[in-house]
Amino acid sequence: MSDGPIGEVYLSAEEIAARVADLGREIAADYAGLEPLLVAPLKSSAVFLADLSRALPIHHAFDVIELAGYGDRRSGGVRMIKDLDGSIGDRHVIVVEDVVDTGLTLRFVMRTLQLRAPASLAAVTLLDRPYRRLVNDINLRYVGFTVPDELFAGYGLGLEERWRAFPDLRYVVAETLPAAATDAA
Amino acid sequence: MVREETDQFQAYCGTEPPRFANRIEVECAKILDWYGIPWAYEPTSFVLEHGADGRVTRAFTPDFYLPEQDLYVEVTVMKQSLVTRKNRKLRELKQLYPHVNVKLFYRRDIERLAQRFRLRLAS
């Protein structure tokens, strides 16, 4: 199987696992007794969600949402195509993101969930790429890694639906990209 | 000049139809609109220099203003090596108007956004 535009490893599986374990302990300390609900936008956050959930040594639940992509737009703006299964009223909600870049997607998710009157609302991201941040009202409370201004694949992040299953995080060589095709929130 | 009708934008804050300089600016406007981020197009010119007679000789007009973020955004598609003049203007702006928040999006940033949002930059 050719690795195409996939370059060297940026974060090994072991480095990611260690940081996710740290995040689990931090969140557990802050949310002890609150039984938080983890909410992850599909698809690329799925792997991080699974690992974070297993690293969180307190009672909690998780759910997923899915947004229509900008590239698939018709009209009317961003919208959910898969909503939460239940109410979040009075729940302590933590949005689980894989990457935060401009912050636009996370802001939409946070604002949408805020309207449903959770007890609290915060966000955790595995990767923070703050160089193009356009919005700051996103309560990004936990950050796994602040990463360089590069594209990555693996650990759930896909490139034309490939390479999500790599256990580590690898550089994408941008010059060899097809027209336009990576995940990054 | 690329003219877009105001009524096709939902988050546009201006009154006159924006006259974008290029397709990249149009796509940036559409992304902001898609996410419901209120935006204005070139609402403010910042004076950088006056002549001896008091007339404005140099000014800087950032492309977008996001009122909820109090943030100006300048978009350039020039290659990194050709943005020296724009960088200088930006430095002057920050010196003269230290309270103004402005962010410059370079070609590389736009390419990153294009990859994220599946834009066709060549069109």
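In chain B, β3(B) and strand β6 (residues 64–66) run antiparallel and are joined by two bridges; strands here are DSSP E runs of at least two residues and helices are H or I runs of at least four, numbered from the N terminus. One bridge has Ala40(B) partnered with Tyr65(B) in β6(B). This is a predicted model, where local features need pLDDT of at least 70 and side-chain atom pairs count only at pLDDT 80 or more, while totals for chains, interfaces and linings use all residues. Residues are numbered from 1 along each chain as its sequence is written, chains are lettered from A and ligands numbered from 1 in the order written, and side-chain values use heavy atoms, leaving out hydrogens and water.

The open sheet goes β3-β6-β7-β8 (chain B), with mixed pairing (strands pair if DSSP finds at least two bridges between them). β3 (40–41) and β8 (102–105) of chain B sit at the edges with a single partner strand each, so each has one side without a neighbour in the sheet.

As for aromatics, the whole structure holds 14 pairs over all chains, a pair being Phe, Tyr or Trp (six-membered) rings with centres within 6.5 Å, called stacked with planes under 30 degrees apart, edge-to-face over 60 and tilted for the rest. Phe152(A) and Tyr171(A) make a tilted pair, because their centres are 5.5 Å apart and their planes at 35°. That pair ties strand β8 (residues 151–153) of chain A to strand β9 (residues 169–172) of chain A, 19 residues apart. Over in chain B, ring pairs link Phe9(B), Tyr12(B), Phe20(B), Trp39(B), Tyr41(B) and Phe64(B) into a cluster.
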